[in-house]
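Welcome, and please open your viewer. We will go from stop to stop, and at each one you will hear what to select and what is there.

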Amino acid sequence: MDVVRSGGVEDAAASDLVRGRTLLGEFELTFCSDGTYLLDGGAMFGVVPKPLWQKRMAADDQNRILLGLNTTVVRTGKHTVVIETGVGNKQSEKMREIQGNQELLPASLAAAGVSVEEVDVVINSHLHFDHCGWNTTLHADGSVSPTFPNARYFAHAGEVAHGRLQLDRDRVSYLAPNYEPLIESGQMTLLTTEGIRAGAEVVPGISVEVFPGHTAQLMAVHIESKSHGGAARHACYISDLLPTASHLDPTWVMGYDLDPVTCIAERKRFYERAIPEEWLVLFTHDHFTPAAYLTVNDKGKPVVKSRV
Ligand SMILES: [Zn+2]
């Protein structure tokens, strides 16, 4: 499988830039993209043997698999909410070479007709580099500025505290310019688990919930809207707890997960609601399936029922 792309806006067809659009009740959901990147297939599938995972995701000659960087834009009628902001433009030349990321989110938003000025809320599920990269834009003089000048940003305080520890295990994933300037300026609101339990709504219809495992305070984003006279419909951006539609088996957790045992339990907790309540599941790193409804197969395993 030839997955290495030269990258850049010129190479991205308009159809590539916007991965999908759907209505959820009265809300409009648009799946934008920061492009693709390449991660080690073994790291993405943890202890799962390659003969099993490569049937679902083919690896290149360096064992890398192609992953998406999906941002969900929710227009509620009153608010424009951006969930996740991709890798951004702060990668070193060396990492860009290894991962082949393309810095496409601004072009994707433009192609979708979303102006950065209209965005009034940005939510980061966690603060790994590939989820909050375009929170800020790096300029040629080395300075950064908020990519969404009128937005209030939300992240979990525990993620910031963890990032600041700069631990051997994951310091490469926490890049201060993605969040520290926003905290310093007061543009980023830090949520706590206690605060979320007391009131998880960020704007009407959009709330967060902690699903630990990948990181200790990873937040899923719930989106719920009711169309006129219709039933309430629910979508959930579950982020790295379920990075792609190829990771649905509860035990197929990632090498990157800080606590894989908790991930397995949290995935089961997620399915207990997502499947019977027919949630639209939004996948953060699946370039080809940004959103899907799930069901259970005859072996009792969660599988994709239908794609959006
Ligand atoms: Zn992550």
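Start by selecting Asp 240, which is buried, with a relative accessible area of 3%; buried means under 20% relative accessible area, exposed over 50%, and partly exposed in between, using a 1.4 Å probe and protein chains only. Before moving on, note that this is a predicted model, where local features need pLDDT of at least 70 and side-chain atom pairs count only at pLDDT 80 or more, while totals for chains, interfaces and linings use all residues. Residues are numbered from 1 along each chain as its sequence is written, and side-chain values use heavy atoms, with hydrogens and water left out.

**Stop 1: the zinc ion**

Which protein atoms are its donors? They are His 126 (NE2), His 128 (ND1), His 214 (NE2) and Asp 240 (OD), lying 2.1 to 2.2 Å from the zinc ion. Donors here are N, O and S atoms within 2.8 Å of the metal (3.2 Å for Na, K and Ca); water is not among the atoms, so sites may look incomplete.

The 4 donor atoms subtend angles of 87 to 176 degrees, so the arrangement is irregular. Four donors count as tetrahedral if all angles lie between 85 and 135 degrees; four count as square planar and six as octahedral if opposite donors are over 155 degrees apart and all others between 65 and 115; anything else is irregular.

Along the sequence, the donor residues follow the spacing H-x1-H-x85-H-x25-D. Helices (H or I, at least four residues) and strands (E, at least two) are DSSP runs, numbered from the N terminus. His 128 is also buried, at 8% relative accessibility.

**Stop 2**

Next, select strand E3 (residues 64–75). Of its 12 residues, 11 are buried, so E3 is largely enclosed by the rest of the structure. E3 runs antiparallel to E2, with 11 bridges joining them; two strands pair if DSSP finds at least two bridges between them. E3 is also joined to strand E4 (residues 80–83) by 4 bridges, again antiparallel.

Click on Arg 75 in E3: it is the bridge partner of Glu 28, and Thr 80 is the partner of Arg 75 in E4. In the hairpin of E3 and E4, with 4 residues between the strands, Gly 77 takes a positive phi near 105 degrees.

Now select Ser 33 in strand E2 (residues 27–40). Is Ser 33 buried or exposed? At 2% relative accessibility, Ser 33 counts as buried. A polar atom of its side chain lies 2.8 Å from the backbone nitrogen of Gly 35. Leaving aside residues up to four places away in sequence, Ser 33 touches several residues, among them Asp 16, Leu 69, Ser 108 and His 287 (contact means heavy atoms within 4.5 Å).

**Stop 3: salt bridges**

How many salt bridges does the structure hold? There are 13, a salt bridge being a side-chain nitrogen of Lys or Arg within 4 Å of a carboxyl oxygen of Asp or Glu.

Select Arg 21, Glu 28, Arg 75 and Glu 118 together, as they are linked in a network of salt bridges. Within it, the closest N and O atoms of Glu 28 and Arg 21 are 3.8 Å apart. Glu 28 is partly exposed at 21%, and Arg 21 is partly exposed at 43%.

Move on to Lys 305 and Glu 278, whose salt bridge has its closest N and O atoms 3.6 Å apart. Lys 305 lies in strand E16 (residues 302–307) and Glu 278 in the loop between helix H9 (260–274) and strand E14 (280–282), so the pair ties together parts that are 27 residues apart in sequence.

**Stop 4: helix H6**

Finally, select helix H6 (residues 157–165), whose buried residues are Gly 158, Glu 159, Val 160, His 162 and Gly 163. What covers them includes strand E8 (152–156), helix H7 (180–185) and strand E9 (188–191). Just after H6, Gln 166 takes a positive phi of about 50 degrees.

Terms used
Polar contact = N/O pair within 3.5 Å; in protein donor to acceptor, adjacent residues only side chain to side chain.
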